[in-house]
Amino acid sequence: MRMFGFDRFGGPEVQRFFDVEDPVVGPGQVLISLVATGVNPADVKVRSGLRAGTVPIDLPMAIGREACGRVVACGEGIEFAEGDVVFGSCAAGTGALAELVLLDGPSVTPVPPGVDPAAAACVPVALATAFDAVHELELGEGESLLVVGVGGVGEPALQLASAGGARGIGVGSPVKRAVVEESGGIHVMSGDGWVERVRAIAPEGVDAVLDCVGGAVLVEAAGLLRTPGRLRSVADFNGAAELGGSAVTRRRVREVYAEVAGLVAQGVLRPRITVRVPFDRAADAVAAVETGHLTGKAVVAMPEAVIPPGPFFHGTRAELATGDLLETGRTSNYGSRRQANHLYFAGSMDAAIWGAELAAGDGVERIYRVEPMGSFEDDPNLTNAKFPGNPTQSYRTREPLRILEEVTGWTPHDPALVSTMRDNLERLKAQGVEAID
């Protein structure tokens, strides 16, 4: 098989594609054919040798520690059907950027309906780390969480804090403002004077801190705590311990991963995939992470590995019944409400929720599971124009959509965020721009 990895420690010059023997599944492991994998800052540290002695390494080794794919084989003690679409953490001493990947059996989790495999591939490292951190900090409703360094871990931590009724404060550069606010938090500019800017928002200090920077910034953040020690760091473990806090204790098990993936399916967690490249361009994903300036996640996907389509969802304010057909030619629910040339639907609940929340009218916001009755294409309003690839799994069709059932129990976006989105659409409308046709 082919893998993208390294056979010695160093910088980008040591990484390349290797032709190696196919891995053999062992007890407590699952072998998958790769669909997607996330690339994280820690992967660069492993390749550089900074994690030698703490992370098992068997050279040559593929880069990456999380993956999503189809089950090829299971080792003793693990039961999945061949072809099941799952995700999980890599087995010890192995990596993820390979055509075939060994996963640690207890971590292997089915991908929930409606979750993009690329999003599922982001669960084990960034999303689940944020989940474990917020869990350990035991945030209560109305309490404040200061996140220093809003990236792959900081962003979902703010989303979780907001969903739980806590007040999130995110410290980051100007480009991170939208990231923080879309996650339900209050943005504070990083750089000189950031501590004073936080104190202006929280004069009595903050209840908890999640540090993603380390060093002197970690020390300054700890000084803002109302209760010393309520601190977790993903960047400076020793520094956190010296300040009465700690690193995040990871729980790399199916029960936790399933809960996190469920939050993705509900739209509570919204992984931001800003770099999505095919396997042959794996080096580009690593390089993007290595810049240190990504505003989201980097994912490598296998173009030849296609997940069967569906389930699909449609968000609206119309009251529909099972078996109804939605057809083009009717008045659009969006923009100037001219005749609709396309019907829009999504493979993710989050995109469908946006569809319901932004639809015109005063009716109840509803989500339906639908079946496209003909061919469809990626939604060009989002695909590539706003997001590389189609991470939101947004589609459009000129053919009818059949209503299969109404979906209940979903979580709406923060009202302030919906209001901001509506204002943006109104500005586009005033400029004569139709966001959806």
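**View 1. Helix H1 (41-48) and strand S4 (61-62) each supply at least two residues to the lining of the second largest cavity.** Helices (H or I, at least four residues) and strands (E, at least two) are DSSP runs, numbered from the N terminus. This is a predicted model, in which local features need pLDDT of at least 70 and side-chain atom pairs count only at pLDDT 80 or more, while totals for chains, interfaces and linings use all residues. Residues are numbered from 1 along each chain as its sequence is written, and side-chain values use heavy atoms, with hydrogens and water left out. Look here for Phe6, Asp43, Val46, Met61, Ala62, Ile63, Gly64 and Arg65, which line the second largest cavity. About 50 Å³ of space lies inside. A cavity is a set of points, on a 1 Å grid over the protein atoms alone, where a 1.4 Å probe fits but cannot get out; lining residues have an atom within 4 Å of a point. Grid points are joined across faces, edges and corners, and a volume is the space filled by probe spheres set on the points. Sorted by class, this lining has 5 nonpolar, 1 polar and 2 charged residues. Ala, Val, Leu, Ile, Met, Phe, Trp, Tyr, Cys and Pro count as nonpolar, Asp, Glu, Lys and Arg as charged, and the others, Gly among them, as polar.

**View 2. Strand S4 also belongs to an open sheet of 3 strands, in the order S2-S1-S4 with antiparallel pairing.** The edges are strand S2 (15-19) and S4, each pairing on one side only. Strand S1 (residues 2-6) runs antiparallel to S4, and 2 bridges join them; two strands pair if DSSP finds at least two bridges between them.

**View 3. The largest cavity has a volume of about 60 Å³.** A search of the whole structure finds 3 cavities of 30 Å³ or more. Helix H3 (123-137) and helix H4 (154-163) are the elements that give two or more residues to the lining of the largest cavity. Its lining includes Cys122, Ala126, Leu127, Glu155, Pro156, Arg270 and Lys297. By class, there are 5 nonpolar, 3 polar and 4 charged residues in this lining.

**View 4. His342 sits in the loop between strand S18 (325-326) and strand S19 (343-346).** With a relative accessible area of 7%, His342 is buried (under 20%; 1.4 Å probe, protein chains only). Its side chain makes a polar contact with the side chain of Arg396 (3.5 Å). A polar contact is a pair of N or O atoms within 3.5 Å; within protein, one must be able to donate a hydrogen and the other to accept it, and residues adjacent in sequence count only if both atoms are side-chain atoms.

Notes:
Buried < 20%, exposed > 50% of the residue type's maximum accessible area, 1.4 Å probe, protein only. 1 Å grid on protein atoms, 1.4 Å probe; cavity = no way out; pocket = protein on both sides within 12 Å on 5 of 7 lines; lining within 4 Å.
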